[in-house]
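Here's a walk through one chain, taken residue by residue and then as a whole. Have a look at the model, then read on.

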Amino acid sequence: MHDDLVDHLTRSTPLQRGEALRVVQDVLAYFDETTEQFVRRRHRELQGQGLLNAAIFQQVSAELEYRAVAPPELTLRQLRRIVYG
């Protein structure tokens with residue numbers, strides 16, 4: 001999976017292939033969260049830092065604007081509609 005990206009990382013960094021593959025997998029897993037998973041995780045993290053809900057929700061809202069979150073699961077019909085209208 002993503003061999004072209006792994007190859008690029010091994011050429012452009014001192015990472016070995018196995019290390020580059022783990023980095024790619026870690027990054028993909030990080031961005032594979034749904035919106036709901038991201039909000040819950042960030043709420044727990046920020047609450048653990050002692051922030052109150054008002055500040056937490058404001059920060060999470062701001063972070064969501066720049067967050068790539070996993071798209072909703074699409075049916076084959078929805079995929080076809082995307083392609084063919």
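Predicted model: local features only at pLDDT ≥ 70, side-chain atom pairs only at ≥ 80, totals over all residues.

## M1 and its contacts

Once neighbours within four places in sequence are set aside, M1 is in contact with L21 and L28. Is M1 buried or exposed? With a relative accessibility of 71%, M1 counts as exposed, and over 50% is what that label takes.

## From the loop into α3

Moving along, T34 is found in the loop that links α2 (17-30) with α3. T34 has a relative accessibility of 29% and therefore counts as partly exposed, since that label goes to values between the 20% and 50% cut-offs. If you step from T34 to I56, you cover 22 residues along the chain, and the C-alpha atoms end up 18 Å apart.

R44 belongs to helix α3, which takes in residues 35-48. R44 counts as exposed, at 55% relative accessibility. How far apart are R44 and H8 in space, C-alpha to C-alpha? The answer is 35 Å, for a pair 36 residues apart in sequence.

Helix α5 spans residues 76-84 and is hardly covered. Of its nine residues, the count of buried ones is zero. After α5 comes G85, and its phi is positive, near 80°.

## Overall shape

Now zoom out. What does the secondary structure of the chain come to? It's five helices and zero strands, and from the N terminus on the elements run α-α-α-α-α. The radius of gyration is 18 Å, well over the 12 Å that the globule rule gives for 85 residues, so the chain is more spread out than a compact globule. Along its principal axes, the C-alpha trace spans about 45 × 45 × 15 Å.

## Burial, contacts and surface

How much of the chain counts as buried? The figure is 16% of the 85 residues. As for contacts between residues at least 6 apart in sequence, 38% of them join residues at least 24 apart.

The accessible surface of the chain comes to about 6,900 Å². Carbon and sulfur atoms account for 57% of that surface.

Terms used. Residues numbered from 1 in each chain as written. Heavy atoms only, no water. Helix = DSSP H or I, 4+ residues; strand = E, 2+ residues; numbered from the N terminus. Rg over C-alpha atoms; globule rule 2.2 N^0.38 Å. Buried < 20%, exposed > 50% of the residue type's maximum accessible area, 1.4 Å probe, protein only. Contact = heavy atoms within 4.5 Å. Areas by Shrake-Rupley, 256 points an atom, 1.4 Å probe, with all protein chains shown as cover.
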